[in-house]
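Hi there,

Here is the structure I promised to pass on. Have a look at it first, and my notes follow below.

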Amino acid sequence: MVGRNKCLALGFLTFLWAELCTESKGEEEEQTCRLLGKFDLNGYVDAKNHSLIIGGLFPIHSRTIPANESILEPVSAKCEGFNFRGFRWMKTMIHTIKEINERKDILPNITLGYQIFDTCFTISKSVEAALVFLTGQEENKPNFRNSTGAFLAGIVGAGGSSLSVAASRILGLYYLPQVGYASTCSILSDKYQFPSYLRTIASDKIQSEAMVRLIQHFGWVWIGTIAADDDYGKYGVKIFKENMENANLCIAFSEIIPKVYSYEKMQKAVDAIKTSTARVIVLYASDIDLSPFVLEMVYHNITDRTWIASEAWITSALIAKPEYFPYFGGSIGFAIPRTDIPGLKEFLYDVQPNRDPNDVLTIEFWQTAFNCTWPNSSVPYNSDHRVNMTGKEDRLHAMSDTFCTGEEKLEDLCPHSVCTDVCPPGTRKGIRQGEPICCFDCIPCADGYVSQEPGQRECEQCREDYWPNAQKSECVLKEVEFLAYDDPLGFTLVILSIFGTLAVMAVTAVYVMYRHTPLVNANDRELSFLIQVSLIITLLSSMLSIGRPYDWSCMSRHVILALGFSLCLSCILGKTISLFLAYRISQSKTRLTSMHPLYRKIIVLISVLVEIGICAAYLVLEPPRVYKNMESQNTKIILECNEGSIEFLCSIFGIDIFLALLCFLTTFVARQLPDNYYEGKCITFGMLVFFIVWISFVPAYLSTKGKFKVAVEIFAILASSYGLLGCIFAPRCFIILLRPKRNTEEIVGRISTIDKSIQLISSSVSSEINNTVESTVLDD
């Protein structure tokens, strides 16, 4: 509205100034009205003897000459800076009107005239011309006739959007038709403000949408904007920003090119371009307004930018110069469609200043185009340009040669214009408060989350059996951990288990071969064989914990282990009770009732049956199952056995602990037997090893995880089994195999059981090797 009010005020004041009349001072003098002055307007007029007149507004010059401030009376400004494009447009209108008049099939019986004015690419000249069209400078009110009196049918123009807006605000008051040929400002589509303005070129709304699609195609998200300080630039950038926002793209900066050169404003725009990370800049300006800005780019040597051009300068010869190529090469934009007009080329070439010495525009064109001065001409010489009148030089093929195609962008040939690079897979976008959405931080995904595509806003959680890879770019199956047979640790434990089993079998073979010797028969031979069988069971049960766990292996491994230890410890208990009774007899020196061998086997049977009953209830009511432990380690699934009922498990191994305590207590008391009762000391030492192993096992088991937890359990089983094997059977095998002379009745001793009484026969046998003495115990 401010721009509109300024234009209306300027037009009104100019109108009053042009039409002001004075009255005579004396009462006797006759009142008269005279024209005080006329606008200084250049152009072409052919309005006589024509049915209708069409007005034209073209930017034949690019600027006005500043008025002398010492002049007290306002004057119409003169123009300078010959504009070949505007001159060519004007000549095209003249050519078209001539073609229409020469043809009888378009407007029969009607001829068209024209009155064309130079707007000098300024609002003031556009308003002056609009007022002339309305008043003819001869009358004090609009009459819709031109200065020759012919009826004015409409006006073509003006060249720039701001000029068209200024003229249309005046012409629209009287609904005088105005046809725009180059004004793309979207505001001109508003029929409420501009009721008589008609478009022949698309609005900037469409161009802005196309620019945004172009930007999206090349993956740019961080864009700067430069606009001319007029309606064309401001409205164009305004619509462009709206489209960018709808597409979730960001504006890095937005600056203005001043219409009247200002060092401060120009430097502000230049500094914004130099300091911004945006490498793609949209430039909404006419070629005339752009010329000072181009010089600034050259002066500051800004060469690493890609410019997206509006239609007003993408095909302009003012910019498509070799010296500007390093700075604006690769610019892209949307040009107005072209067509070949028959006869226009010949008409444009037929511009001869000698035909009409008063044709100042043709003379000025000639002087500027060919760098010469026409004889006896008062037209100022301007050598700003060189020109090809056909307009073919307008095409910027050279500027677009270095721009990449869509396929090449995947290879930093295309410019890279982002505030922040797209977050790679494995990270998510973290919005920075108070900054555009295109500026963000790339935050690594949390544990258990991944982002598979670049630029994801949120990370996705992996499923239960999956875990992110090292880059957190995809979910992969978690590593399944268990103590495998091919694992070095598992293989070692298997070897130890097999070796222990073979050692027990070797002891059994020795016992079978020497089963009739006194040392083998001493203190219940059958119990010794049962102990060897139980040790084989415990040693082999450890192998059930190695390998991938299954429900059947989870159900069997602890049950078999508990039964094996129950059999072993109950057999040892039978032996230790015999030793305990022997100790009491040795202390009292009296005849005591001996424990029959059958009773010892009954103790074993009862212990094993109780253990079997509890184990059966355990397996039926709350059996162990395979469990996927995902809490211990996030990156792994630990396959282990869920023990089911802790109460049942404690009951099962509680019986074994109770038997072990009884064994230890009875044999600890019997350790003071004479040397020939040395088996008590061996069992005592074996039970100490058993307790030390399992007491150490508890904290070690609780402090480890995964396959090492199973390995600790297996090591405890093997260590306790090896300890019992070594302490109970190693001394006897040593005597049997290496000291056979000591395996005799005289040395070992014999207690008769014919009358089921006990005689204490003491004999002391000194060991020749390491002072080892094998005890003489109760004979079966």
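How many salt bridges does the structure hold? The structure holds 20 of them, where a salt bridge is a side-chain nitrogen of Lys or Arg within 4 Å of a carboxyl oxygen of Asp or Glu. Side chains of opposite charge can pair when their charged atoms come close.

Before the details, a word on the source. This is a predicted model, in which local features need pLDDT of at least 70, side-chain atom pairs count only at pLDDT 80 or more, and totals for chains, interfaces and linings use all residues. Residues are numbered from 1 along each chain as its sequence is written, and side-chain values use heavy atoms, with hydrogens and water left out.

**The chain as a whole**

The protein chain has 21 helices and 22 strands; these are DSSP runs numbered from the N terminus, with helices being H or I of at least four residues and strands being E of at least two. Of its 780 residues, 48% are buried. Buried here means under 20% relative accessible area, exposed means over 50%, and partly exposed is in between (1.4 Å probe, protein chains only). The chain exposes about 38,900 Å², and carbon and sulfur atoms supply 58% of that area. Accessible areas come from the Shrake-Rupley method with a 1.4 Å probe, and for residues only the protein chains shown count as cover.

**Salt bridges worth a look**

Asp 289 and Lys 259 meet through their side chains in a salt bridge, at 2.9 Å from N to O. Asp 289 sits in helix α8 (residues 287-299) and Lys 259 in the loop between β10 (250-257) and α7 (263-275), so this pair ties together parts that are 30 residues apart in sequence. Asp 289 counts as buried because its relative accessibility is 8%, whereas Lys 259, at 37%, is partly exposed. A network of salt bridges links Asp 230, Lys 259 and Asp 289.

Another salt bridge joins Lys 636 and Glu 481, with their closest N and O atoms 3.0 Å apart. The pair links distant parts of the chain, as Lys 636 is in strand β22 and Glu 481 in strand β20 (residues 479-481), 155 residues apart. Glu 481 is buried, at 7% relative accessibility.

Then there is the salt bridge between the side chains of Arg 557 and Glu 643, at 3.6 Å from N to O. Arg 557 belongs to helix α16 (residues 551-588) and Glu 643 to the loop between β22 and α18 (646-669), so parts that are 86 residues apart in sequence are tied together by this pair. Arg 557 has 7% relative accessibility and counts as buried; Glu 643 is buried too, with a relative accessible area of 11%.

**Two residues of helix α6**

Phe 240 lies in helix α6 (residues 231-246). Is Phe 240 buried or exposed? Its relative accessibility is 0%, so Phe 240 counts as buried. Leaving aside neighbours within four places in sequence, Phe 240 is in contact (heavy atoms within 4.5 Å) with nine partners if you count along this list: Ser 208, Met 211, Val 212, Ile 215, Ile 223, Thr 225, Ile 251, Val 282 and Tyr 284.

**Cavity, pocket and patch**

On a 1 Å grid over the protein atoms alone, a cavity is a set of points where a 1.4 Å probe fits but cannot get out, while a pocket is an open set with protein on both sides within 12 Å along at least five of seven lines; lining residues have an atom within 4 Å of a point. Grid points are joined across faces, edges and corners, and a volume is the space filled by probe spheres set on the points.

The largest cavity holds about 80 Å³ of space. It is lined by 14 residues, and Phe 482, Ser 545, Pro 549, Leu 639 and Val 710 are the closest to its centre. The largest share of this lining, four residues, comes from β22.

The second largest pocket holds about 630 Å³. Among its 22 lining residues, Phe 653, Ile 657, Trp 694, Phe 697 and Val 698 lie nearest the centre. Helix α19 gives the most to the lining of this pocket, with eight residues.

Finally, Leu 598, Tyr 599, Ile 602, Ile 606 and Val 610 form a nonpolar patch on the surface, with about 470 Å² of accessible area together. Patches are made of residues with over 30% relative accessible area and no salt bridge, with like charges joined within 9 Å and nonpolar side chains (Val, Leu, Ile, Met, Phe, Trp, Tyr) within 5 Å. Val 610 is in helix α17 (residues 597-621) and is partly exposed, at 42% relative accessibility.

Best wishes
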